[in-house]
Amino acid sequence: MSPKVKVTVTAVLANYLGGQREFTLEADSVKAVIEELSKRYGPEIRKRLLDDEGRPRRYINIYVNDEALSHQELDRKLTEGDEVLILPAVSGGSP
Amino acid sequence: MVLSEALVFLECRECGKTFGHVLAHVCDECFGALEASYAPSRFSVSRSVIEGRRPSMWRYWEFLPLLDPSNKVDIGAGYTPLIRAERLAKRLGVTKLYLKNDTLNPTYSFKDRPSSLAISKAREFGLKAVGCASTGNLAGATAAHSAAAGLPCYVFMPKSVEKAKIKQAALYGAQLLLVEGTYDDANRLAALAADRLEMGIVNVNLRPYYVEGSKTMGLEIVEQLGWRTPDRIVVPTASGALFSAIFKGVGEAEQAGLISDSRVAMTCAQPLGCSPIVQAFREKSDTIKPVRHPDTIVQSLAIGEPGDGYQALRVLRESGGVAVSLTDDECVEAAALLASTEGVFAEPGGAISVAAVKRLVEEGEIGRDEEIVCCVTGSGLKTIELMPEPSGVRIIPPSIDAVKKVLNTY
(Lines give C-alpha, C1' and ligand atoms only; values in the text may rest on other atoms or scores of the structure.)
Protein backbone atom coordinates (compact mmCIF):
# COMPACT_ATOMS: atom_id res chain seq x y z
CA MET A 1 0.00 0.00 0.00
CA SER A 2 1.28 3.47 -0.86
CA PRO A 3 2.03 5.94 1.95
CA LYS A 4 -0.55 8.55 2.93
CA VAL A 5 0.67 12.08 2.14
CA LYS A 6 -0.74 15.56 2.57
CA VAL A 7 -0.91 17.78 -0.52
CA THR A 8 -1.38 21.54 -0.45
CA VAL A 9 -1.98 23.87 -3.41
CA THR A 10 -2.93 27.55 -3.81
CA ALA A 11 -6.11 29.06 -5.23
CA VAL A 12 -4.99 29.32 -8.84
CA LEU A 13 -4.31 25.54 -8.94
CA ALA A 14 -7.43 24.77 -6.93
CA ASN A 15 -9.38 26.07 -9.94
CA TYR A 16 -8.55 22.74 -11.56
CA LEU A 17 -9.22 20.69 -8.42
CA GLY A 18 -12.83 21.46 -7.66
CA GLY A 19 -11.81 24.47 -5.57
CA GLN A 20 -10.10 22.30 -2.96
CA ARG A 21 -6.66 23.33 -1.66
CA GLU A 22 -5.75 20.46 0.69
CA PHE A 23 -5.82 16.75 0.06
CA THR A 24 -4.78 13.57 1.81
CA LEU A 25 -4.02 10.82 -0.65
CA GLU A 26 -1.99 7.70 -1.16
CA ALA A 27 0.99 8.09 -3.44
CA ASP A 28 4.56 6.80 -3.39
CA SER A 29 6.09 9.63 -5.45
CA VAL A 30 5.36 13.21 -6.51
CA LYS A 31 4.58 11.90 -9.96
CA ALA A 32 2.01 9.56 -8.40
CA VAL A 33 0.47 12.54 -6.55
CA ILE A 34 -0.09 14.32 -9.85
CA GLU A 35 -1.48 11.16 -11.47
CA GLU A 36 -3.85 10.65 -8.53
CA LEU A 37 -5.06 14.26 -8.72
CA SER A 38 -5.73 13.94 -12.45
CA LYS A 39 -7.54 10.66 -11.88
CA ARG A 40 -9.83 12.38 -9.38
CA TYR A 41 -10.28 15.76 -11.07
CA GLY A 42 -9.57 15.17 -14.75
CA PRO A 43 -6.48 15.40 -16.97
CA GLU A 44 -6.46 19.21 -17.02
CA ILE A 45 -4.39 19.49 -13.81
CA ARG A 46 -1.72 17.14 -15.21
CA LYS A 47 -1.50 19.24 -18.38
CA ARG A 48 -1.15 22.42 -16.35
CA LEU A 49 1.60 21.06 -14.09
CA LEU A 50 3.65 18.98 -16.53
CA ASP A 51 4.83 19.59 -20.08
CA ASP A 52 4.42 17.12 -22.96
CA GLU A 53 7.50 15.22 -21.82
CA GLY A 54 6.18 14.86 -18.29
CA ARG A 55 8.50 17.45 -16.72
CA PRO A 56 7.16 20.08 -14.33
CA ARG A 57 6.54 23.37 -16.08
CA ARG A 58 9.10 26.09 -15.44
CA TYR A 59 6.83 28.26 -13.35
CA ILE A 60 5.67 25.47 -11.05
CA ASN A 61 7.57 24.86 -7.81
CA ILE A 62 7.13 21.63 -5.88
CA TYR A 63 8.25 21.16 -2.28
CA VAL A 64 8.38 18.02 -0.14
CA ASN A 65 8.50 18.75 3.59
CA ASP A 66 9.54 22.36 2.83
CA GLU A 67 12.41 21.30 0.60
CA ALA A 68 12.26 22.40 -3.02
CA LEU A 69 12.47 19.60 -5.57
CA SER A 70 14.55 20.04 -8.65
CA HIS A 71 12.76 19.35 -11.89
CA GLN A 72 14.43 15.96 -12.15
CA GLU A 73 13.09 14.70 -8.84
CA LEU A 74 9.51 13.84 -9.74
CA ASP A 75 10.15 10.17 -9.06
CA ARG A 76 11.47 10.82 -5.58
CA LYS A 77 9.91 8.39 -3.12
CA LEU A 78 7.47 9.70 -0.55
CA THR A 79 6.97 8.24 2.89
CA GLU A 80 4.00 8.20 5.27
CA GLY A 81 3.08 11.70 6.47
CA ASP A 82 5.13 13.62 3.90
CA GLU A 83 3.78 17.03 2.97
CA VAL A 84 3.79 18.04 -0.68
CA LEU A 85 3.31 21.70 -1.60
CA ILE A 86 2.69 22.77 -5.20
CA LEU A 87 2.98 26.50 -5.90
CA PRO A 88 3.16 28.60 -9.02
CA ALA A 89 6.49 30.44 -8.97
CA VAL A 90 6.01 33.92 -7.52
CA SER A 91 7.08 35.36 -10.83
CA GLY A 92 9.11 33.39 -13.34
CA GLY A 93 8.62 32.86 -17.04
CA SER A 94 10.84 31.85 -19.91
CA PRO A 95 13.92 33.78 -21.08
CA MET B 1 -9.68 62.32 -11.70
CA VAL B 2 -10.14 58.56 -11.41
CA LEU B 3 -8.79 56.67 -14.42
CA SER B 4 -10.73 54.19 -16.48
CA GLU B 5 -9.77 50.55 -15.85
CA ALA B 6 -9.35 50.19 -19.61
CA LEU B 7 -6.10 52.18 -19.41
CA VAL B 8 -4.31 49.83 -17.01
CA PHE B 9 -4.62 46.08 -17.07
CA LEU B 10 -2.68 42.90 -16.37
CA GLU B 11 -1.25 40.65 -19.04
CA CYS B 12 0.41 37.22 -18.83
CA ARG B 13 4.10 37.42 -19.78
CA GLU B 14 3.95 33.89 -21.19
CA CYS B 15 0.68 33.33 -23.02
CA GLY B 16 -0.43 36.96 -23.41
CA LYS B 17 -3.85 36.41 -21.82
CA THR B 18 -5.18 39.71 -20.56
CA PHE B 19 -6.87 40.25 -17.24
CA GLY B 20 -8.75 43.27 -16.01
CA HIS B 21 -7.55 45.46 -13.25
CA VAL B 22 -7.49 42.66 -10.65
CA LEU B 23 -5.57 41.46 -7.60
CA ALA B 24 -3.66 38.53 -9.11
CA HIS B 25 -0.10 37.68 -9.96
CA VAL B 26 -0.28 34.39 -11.82
CA CYS B 27 -2.07 33.49 -15.03
CA ASP B 28 -4.91 31.04 -14.37
CA GLU B 29 -4.24 29.30 -17.69
CA CYS B 30 -0.48 28.78 -17.79
CA PHE B 31 0.65 30.04 -14.34
CA GLY B 32 3.00 32.52 -16.00
CA ALA B 33 3.67 35.82 -14.24
CA LEU B 34 1.30 38.73 -14.82
CA GLU B 35 2.59 42.20 -15.51
CA ALA B 36 0.97 45.60 -15.77
CA SER B 37 0.24 46.87 -19.27
CA TYR B 38 -1.07 50.21 -20.37
CA ALA B 39 -3.18 51.46 -23.23
CA PRO B 40 -0.84 53.51 -25.47
CA SER B 41 -2.88 56.63 -24.76
CA ARG B 42 -1.97 56.35 -21.07
CA PHE B 43 1.55 57.63 -21.75
CA SER B 44 0.51 61.01 -23.10
CA VAL B 45 2.58 63.45 -21.10
CA SER B 46 5.29 65.93 -22.05
CA ARG B 47 8.73 66.56 -20.58
CA SER B 48 7.74 70.00 -19.37
CA VAL B 49 4.65 68.76 -17.54
CA ILE B 50 6.76 66.16 -15.70
CA GLU B 51 9.49 68.72 -14.96
CA GLY B 52 6.91 71.01 -13.38
CA ARG B 53 5.84 68.42 -10.85
CA ARG B 54 7.01 67.79 -7.29
CA PRO B 55 10.30 65.85 -6.98
CA SER B 56 8.86 62.41 -6.17
CA MET B 57 8.47 59.08 -7.96
CA TRP B 58 4.82 60.06 -8.42
CA ARG B 59 5.81 62.73 -10.97
CA TYR B 60 5.68 59.79 -13.44
CA TRP B 61 2.01 59.26 -12.68
CA GLU B 62 1.20 58.35 -16.30
CA PHE B 63 3.54 55.33 -16.05
CA LEU B 64 2.09 53.94 -12.83
CA PRO B 65 -0.90 51.61 -12.47
CA LEU B 66 -2.92 53.48 -9.85
CA LEU B 67 -6.42 54.49 -10.87
CA ASP B 68 -7.44 56.91 -8.13
CA PRO B 69 -4.82 59.45 -6.99
CA SER B 70 -6.54 59.74 -3.62
CA ASN B 71 -5.28 56.21 -2.84
CA LYS B 72 -1.67 57.33 -3.13
CA VAL B 73 0.53 56.56 -0.11
CA ASP B 74 3.46 58.93 -0.54
CA ILE B 75 6.03 59.41 2.20
CA GLY B 76 8.59 60.88 -0.16
CA ALA B 77 9.98 57.97 -2.17
CA GLY B 78 11.99 58.64 -5.30
CA TYR B 79 13.48 61.53 -7.20
CA THR B 80 16.79 60.81 -5.51
CA PRO B 81 19.94 62.61 -6.70
CA LEU B 82 21.92 61.50 -9.74
CA ILE B 83 25.41 62.70 -8.96
CA ARG B 84 28.51 62.91 -11.12
CA ALA B 85 31.19 60.91 -9.29
CA GLU B 86 34.50 62.27 -10.54
CA ARG B 87 36.73 61.20 -7.67
CA LEU B 88 35.36 57.67 -7.72
CA ALA B 89 35.58 57.57 -11.53
CA LYS B 90 39.27 58.37 -11.33
CA ARG B 91 39.81 55.53 -8.86
CA LEU B 92 37.93 53.09 -11.10
CA GLY B 93 39.67 54.27 -14.26
CA VAL B 94 36.58 55.53 -16.06
CA THR B 95 35.71 59.00 -17.32
CA LYS B 96 31.97 59.45 -17.00
CA LEU B 97 30.46 57.92 -13.90
CA TYR B 98 27.20 58.78 -12.16
CA LEU B 99 25.65 57.48 -8.94
CA LYS B 100 21.91 57.11 -8.58
CA ASN B 101 21.80 57.58 -4.84
CA ASP B 102 18.78 55.62 -3.64
CA THR B 103 20.09 55.47 -0.08
CA LEU B 104 18.25 58.81 0.25
CA ASN B 105 14.77 57.34 0.23
CA PRO B 106 12.49 57.63 3.30
CA THR B 107 13.51 54.22 4.68
CA TYR B 108 17.00 54.41 3.10
CA SER B 109 16.65 52.00 0.18
CA PHE B 110 15.11 51.86 -3.30
CA LYS B 111 12.42 49.55 -1.89
CA ASP B 112 10.38 52.61 -0.99
CA ARG B 113 9.53 52.94 -4.69
CA PRO B 114 7.73 49.60 -5.14
CA SER B 115 6.33 49.76 -1.59
CA SER B 116 4.75 53.17 -2.15
CA LEU B 117 2.99 51.81 -5.20
CA ALA B 118 2.01 48.44 -3.69
CA ILE B 119 0.54 49.92 -0.52
CA SER B 120 -1.36 52.46 -2.62
CA LYS B 121 -2.78 49.55 -4.62
CA ALA B 122 -3.64 47.69 -1.39
CA ARG B 123 -5.69 50.73 -0.46
CA GLU B 124 -7.27 50.82 -3.92
CA PHE B 125 -8.26 47.14 -3.65
CA GLY B 126 -9.65 47.73 -0.15
CA LEU B 127 -7.32 45.18 1.49
CA LYS B 128 -7.41 44.98 5.26
CA ALA B 129 -3.84 43.80 5.85
CA VAL B 130 -0.57 43.78 3.95
CA GLY B 131 2.87 42.26 4.22
CA CYS B 132 5.99 41.21 2.39
CA ALA B 133 8.71 38.63 2.12
CA SER B 134 11.97 40.44 2.65
CA THR B 135 15.73 40.15 2.71
CA GLY B 136 15.66 43.22 4.98
CA ASN B 137 15.17 46.46 3.12
CA LEU B 138 11.68 45.72 1.86
CA ALA B 139 10.60 45.03 5.43
CA GLY B 140 11.27 48.62 6.48
CA ALA B 141 9.81 50.08 3.32
CA THR B 142 6.57 48.07 3.48
CA ALA B 143 6.22 48.64 7.22
CA ALA B 144 6.69 52.41 6.88
CA HIS B 145 4.19 52.79 4.04
CA SER B 146 1.70 50.55 5.88
CA ALA B 147 2.08 52.72 8.96
CA ALA B 148 1.34 55.81 6.87
CA ALA B 149 -1.69 54.07 5.33
CA GLY B 150 -2.92 52.80 8.70
CA LEU B 151 -2.81 49.18 7.58
CA PRO B 152 -1.56 46.25 9.68
CA CYS B 153 1.65 44.81 8.21
CA TYR B 154 3.17 41.33 8.49
CA VAL B 155 6.77 40.80 7.46
CA PHE B 156 8.28 37.40 6.62
CA MET B 157 12.06 37.43 6.62
CA PRO B 158 15.00 35.23 7.48
CA LYS B 159 16.02 35.40 11.14
CA SER B 160 19.59 36.08 9.98
CA VAL B 161 19.01 39.57 8.50
CA GLU B 162 20.90 42.51 9.95
CA LYS B 163 19.61 43.72 13.35
CA ALA B 164 19.00 47.30 12.23
CA LYS B 165 16.62 46.13 9.52
CA ILE B 166 14.65 44.02 12.00
CA LYS B 167 14.38 46.82 14.54
CA GLN B 168 13.52 49.44 11.93
CA ALA B 169 10.61 47.42 10.51
CA ALA B 170 9.31 46.55 13.98
CA LEU B 171 9.41 50.19 15.10
CA TYR B 172 7.17 51.19 12.20
CA GLY B 173 4.67 48.89 13.90
CA ALA B 174 4.89 45.79 11.73
CA GLN B 175 4.52 42.25 13.06
CA LEU B 176 7.69 40.39 12.17
CA LEU B 177 7.78 36.67 11.48
CA LEU B 178 11.47 35.76 11.49
CA VAL B 179 11.87 32.49 9.67
CA GLU B 180 14.57 30.03 10.67
CA GLY B 181 15.57 29.52 7.07
CA THR B 182 16.45 31.33 3.86
CA TYR B 183 14.68 34.17 2.07
CA ASP B 184 13.15 31.58 -0.24
CA ASP B 185 11.60 29.83 2.77
CA ALA B 186 10.19 33.17 3.95
CA ASN B 187 8.88 33.85 0.46
CA ARG B 188 7.09 30.51 0.30
CA LEU B 189 5.35 31.17 3.62
CA ALA B 190 4.36 34.64 2.45
CA ALA B 191 2.87 33.13 -0.72
CA LEU B 192 0.79 30.75 1.40
CA ALA B 193 -0.30 33.61 3.66
CA ALA B 194 -1.38 35.62 0.62
CA ASP B 195 -3.38 32.63 -0.58
CA ARG B 196 -5.00 31.61 2.71
CA LEU B 197 -5.40 34.83 4.62
CA GLU B 198 -6.31 37.13 1.75
CA MET B 199 -3.56 39.55 2.59
CA GLY B 200 -1.85 41.86 0.16
CA ILE B 201 1.72 40.63 0.12
CA VAL B 202 3.45 43.36 -1.82
CA ASN B 203 5.94 41.14 -3.62
CA VAL B 204 3.61 38.16 -4.08
CA ASN B 205 0.00 38.88 -5.02
CA LEU B 206 0.55 42.64 -5.44
CA ARG B 207 3.74 41.96 -7.41
CA PRO B 208 2.56 43.05 -10.89
CA TYR B 209 1.80 46.48 -9.44
CA TYR B 210 4.69 46.53 -6.95
CA VAL B 211 7.40 46.14 -9.61
CA GLU B 212 6.04 49.10 -11.54
CA GLY B 213 7.23 51.37 -8.74
CA SER B 214 10.82 50.39 -9.48
CA LYS B 215 10.48 51.63 -13.07
CA THR B 216 10.68 55.14 -11.72
CA MET B 217 14.41 54.71 -11.08
CA GLY B 218 14.91 54.28 -14.85
CA LEU B 219 12.62 57.20 -15.66
CA GLU B 220 14.50 59.43 -13.23
CA ILE B 221 17.89 58.49 -14.68
CA VAL B 222 16.84 59.50 -18.20
CA GLU B 223 15.20 62.72 -16.99
CA GLN B 224 18.18 63.69 -14.81
CA LEU B 225 20.58 63.14 -17.72
CA GLY B 226 18.53 65.60 -19.78
CA TRP B 227 16.10 63.11 -21.32
CA ARG B 228 18.51 60.55 -22.69
CA THR B 229 19.98 57.20 -21.65
CA PRO B 230 23.55 56.60 -20.50
CA ASP B 231 25.63 53.92 -22.24
CA ARG B 232 25.24 51.59 -19.29
CA ILE B 233 23.21 51.17 -16.09
CA VAL B 234 24.67 48.87 -13.42
CA VAL B 235 22.16 47.37 -11.02
CA PRO B 236 22.53 45.42 -7.75
CA THR B 237 20.41 42.36 -8.48
CA ALA B 238 18.59 39.79 -6.34
CA SER B 239 15.19 38.74 -7.76
CA GLY B 240 15.80 40.60 -11.03
CA ALA B 241 12.72 42.78 -10.52
CA LEU B 242 14.50 46.15 -10.21
CA PHE B 243 16.84 45.26 -13.06
CA SER B 244 13.94 44.45 -15.40
CA ALA B 245 11.81 47.35 -14.20
CA ILE B 246 14.49 49.96 -14.93
CA PHE B 247 14.70 48.70 -18.51
CA LYS B 248 10.91 48.71 -18.82
CA GLY B 249 10.80 52.29 -17.56
CA VAL B 250 13.39 53.42 -20.08
CA GLY B 251 11.52 51.65 -22.90
CA GLU B 252 8.25 53.30 -21.89
CA ALA B 253 9.96 56.70 -21.85
CA GLU B 254 10.74 56.11 -25.53
CA GLN B 255 7.18 54.91 -26.24
CA ALA B 256 5.92 58.11 -24.65
CA GLY B 257 8.24 60.18 -26.85
CA LEU B 258 10.16 61.54 -23.87
CA ILE B 259 13.44 60.16 -25.23
CA SER B 260 14.32 59.31 -28.81
CA ASP B 261 16.45 56.24 -28.18
CA SER B 262 16.10 53.77 -25.30
CA ARG B 263 19.25 51.78 -25.96
CA VAL B 264 21.25 51.13 -22.78
CA ALA B 265 23.44 48.18 -21.79
CA MET B 266 21.82 46.77 -18.66
CA THR B 267 24.46 45.35 -16.34
CA CYS B 268 23.63 42.98 -13.50
CA ALA B 269 25.73 42.52 -10.35
CA GLN B 270 25.18 39.68 -7.85
CA PRO B 271 27.20 38.36 -4.90
CA LEU B 272 29.30 35.33 -5.80
CA GLY B 273 27.66 33.22 -3.09
CA CYS B 274 24.22 33.75 -4.62
CA SER B 275 24.39 34.59 -8.30
CA PRO B 276 21.92 32.39 -10.19
CA ILE B 277 21.19 35.01 -12.88
CA VAL B 278 24.87 35.75 -13.52
CA GLN B 279 25.60 32.04 -13.73
CA ALA B 280 22.88 31.37 -16.32
CA PHE B 281 24.01 34.38 -18.36
CA ARG B 282 27.69 33.42 -18.28
CA GLU B 283 26.90 29.81 -19.17
CA LYS B 284 24.61 31.01 -21.99
CA SER B 285 21.95 28.81 -20.42
CA ASP B 286 18.19 29.18 -20.64
CA THR B 287 17.78 27.61 -17.24
CA ILE B 288 18.31 29.42 -13.97
CA LYS B 289 19.51 26.97 -11.35
CA PRO B 290 18.20 27.95 -7.91
CA VAL B 291 20.79 28.45 -5.19
CA ARG B 292 19.45 26.40 -2.27
CA HIS B 293 21.91 27.67 0.33
CA PRO B 294 23.09 31.22 -0.41
CA ASP B 295 26.58 31.76 0.99
CA THR B 296 27.16 35.52 1.27
CA ILE B 297 27.17 38.27 3.86
CA VAL B 298 25.33 40.42 1.29
CA GLN B 299 21.96 39.41 2.69
CA SER B 300 19.96 41.99 0.78
CA LEU B 301 20.86 40.18 -2.46
CA ALA B 302 20.59 36.61 -1.16
CA ILE B 303 17.66 35.34 -3.19
CA GLY B 304 18.33 31.82 -4.42
CA GLU B 305 15.20 31.52 -6.56
CA PRO B 306 15.02 34.84 -8.40
CA GLY B 307 11.38 35.58 -9.12
CA ASP B 308 12.17 37.72 -12.14
CA GLY B 309 15.31 35.85 -13.12
CA TYR B 310 14.13 34.85 -16.58
CA GLN B 311 12.91 38.34 -17.26
CA ALA B 312 16.32 39.67 -16.19
CA LEU B 313 18.06 37.21 -18.54
CA ARG B 314 15.86 38.41 -21.37
CA VAL B 315 16.75 42.04 -20.59
CA LEU B 316 20.47 41.25 -20.37
CA ARG B 317 20.42 39.68 -23.82
CA GLU B 318 18.12 42.19 -25.45
CA SER B 319 20.02 45.22 -24.14
CA GLY B 320 23.50 43.90 -24.91
CA GLY B 321 24.37 43.96 -21.22
CA VAL B 322 26.64 41.88 -19.10
CA ALA B 323 26.41 40.13 -15.73
CA VAL B 324 29.07 39.74 -13.08
CA SER B 325 29.38 38.20 -9.63
CA LEU B 326 31.49 39.80 -6.91
CA THR B 327 32.99 38.41 -3.73
CA ASP B 328 31.84 39.65 -0.32
CA ASP B 329 35.20 41.38 0.13
CA GLU B 330 34.84 43.23 -3.17
CA CYS B 331 31.38 44.47 -2.08
CA VAL B 332 32.61 45.65 1.33
CA GLU B 333 35.65 47.36 -0.24
CA ALA B 334 33.42 49.06 -2.79
CA ALA B 335 31.18 50.39 -0.01
CA ALA B 336 34.22 51.84 1.77
CA LEU B 337 35.60 53.33 -1.45
CA LEU B 338 32.24 54.88 -2.31
CA ALA B 339 32.01 56.43 1.15
CA SER B 340 35.54 57.80 1.16
CA THR B 341 35.52 59.20 -2.39
CA GLU B 342 31.98 60.50 -2.80
CA GLY B 343 30.45 60.76 0.66
CA VAL B 344 27.80 58.18 -0.15
CA PHE B 345 27.41 55.54 2.55
CA ALA B 346 25.93 52.39 1.05
CA GLU B 347 25.52 48.85 2.28
CA PRO B 348 27.72 46.28 0.51
CA GLY B 349 24.70 45.10 -1.51
CA GLY B 350 24.03 48.69 -2.59
CA ALA B 351 27.66 49.31 -3.53
CA ILE B 352 28.02 46.07 -5.49
CA SER B 353 27.38 48.12 -8.64
CA VAL B 354 30.60 50.04 -7.94
CA ALA B 355 32.48 46.76 -7.39
CA ALA B 356 31.06 45.55 -10.70
CA VAL B 357 32.37 48.57 -12.63
CA LYS B 358 35.80 48.16 -11.06
CA ARG B 359 36.00 44.51 -12.06
CA LEU B 360 34.48 44.86 -15.54
CA VAL B 361 36.84 47.74 -16.40
CA GLU B 362 39.85 45.77 -15.15
CA GLU B 363 38.79 42.79 -17.23
CA GLY B 364 38.16 44.94 -20.29
CA GLU B 365 34.48 44.01 -20.50
CA ILE B 366 33.35 47.61 -20.38
CA GLY B 367 35.03 50.61 -21.95
CA ARG B 368 36.77 53.33 -19.94
CA ASP B 369 34.99 56.07 -21.91
CA GLU B 370 31.48 54.73 -21.48
CA GLU B 371 28.97 56.85 -19.65
CA ILE B 372 27.98 54.67 -16.69
CA VAL B 373 25.27 55.00 -14.07
CA CYS B 374 25.73 52.91 -10.92
CA CYS B 375 22.54 52.37 -8.98
CA VAL B 376 23.30 52.55 -5.25
CA THR B 377 20.28 50.93 -3.69
CA GLY B 378 20.57 50.87 0.11
CA SER B 379 22.20 52.68 3.04
CA GLY B 380 25.22 51.43 4.95
CA LEU B 381 23.76 52.47 8.28
CA LYS B 382 21.57 49.37 8.26
CA THR B 383 24.50 46.99 7.79
CA ILE B 384 27.05 48.68 9.99
CA GLU B 385 28.19 45.33 11.40
CA LEU B 386 29.42 44.28 7.95
CA MET B 387 31.80 47.20 7.57
CA PRO B 388 35.45 46.89 8.59
CA GLU B 389 36.70 48.79 11.64
CA PRO B 390 37.74 52.18 10.24
CA SER B 391 41.36 53.25 10.74
CA GLY B 392 40.70 56.94 11.45
CA VAL B 393 39.35 56.49 14.98
CA ARG B 394 41.46 57.40 18.05
CA ILE B 395 40.65 57.85 21.68
CA ILE B 396 42.57 60.76 23.21
CA PRO B 397 42.85 62.32 26.67
CA PRO B 398 41.17 65.75 27.03
CA SER B 399 44.38 67.71 26.40
CA ILE B 400 45.61 70.02 23.64
CA ASP B 401 48.91 68.12 23.55
CA ALA B 402 47.12 65.00 22.48
CA VAL B 403 45.36 66.91 19.71
CA LYS B 404 48.64 68.41 18.53
CA LYS B 405 50.24 64.98 18.47
CA VAL B 406 47.49 63.67 16.22
CA LEU B 407 47.43 66.69 13.93
CA ASN B 408 51.21 66.56 13.52
CA THR B 409 50.84 63.17 11.93
CA TYR B 410 48.84 64.63 9.02
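**Exercise 1.** In which loop of chain A is Asp66(A) found? State also whether Asp66(A) is buried or exposed.

*Solution.* The model is predicted, and local features need pLDDT of at least 70, side-chain atom pairs count only at pLDDT 80 or more, while totals for chains, interfaces and linings use all residues. Residues are numbered from 1 along each chain as its sequence is written, and chains are lettered from A and ligands numbered from 1 in the order in which they are written.

Step 1. Asp66(A) sits in the loop between strand S3 (60–64) and strand S4 (67–68) of chain A; strands are DSSP runs of E, at least two residues, and helices runs of H or I, at least four, numbered from the N terminus.

Step 2. Around Asp66(A) there are 11 other C-beta atoms within 10 Å, so Asp66(A) is exposed (12 or fewer; buried means 20 or more, partly exposed in between, with C-beta atoms placed from the backbone).

Step 3. Most residues other than glycine have a negative phi. The phi of Asp66(A) is positive, near 70 degrees.

**Exercise 2.** Work out where Tyr108(B) lies and whether Tyr108(B) is buried or exposed.

*Solution.* Step 1. The loop between strand S5 (96–101) and H3 of chain B holds Tyr108(B).

Step 2. Tyr108(B) has 26 C-beta neighbours inside 10 Å and therefore counts as buried.

Step 3. Although Tyr108(B) is not a glycine, its phi is positive, about 75 degrees.
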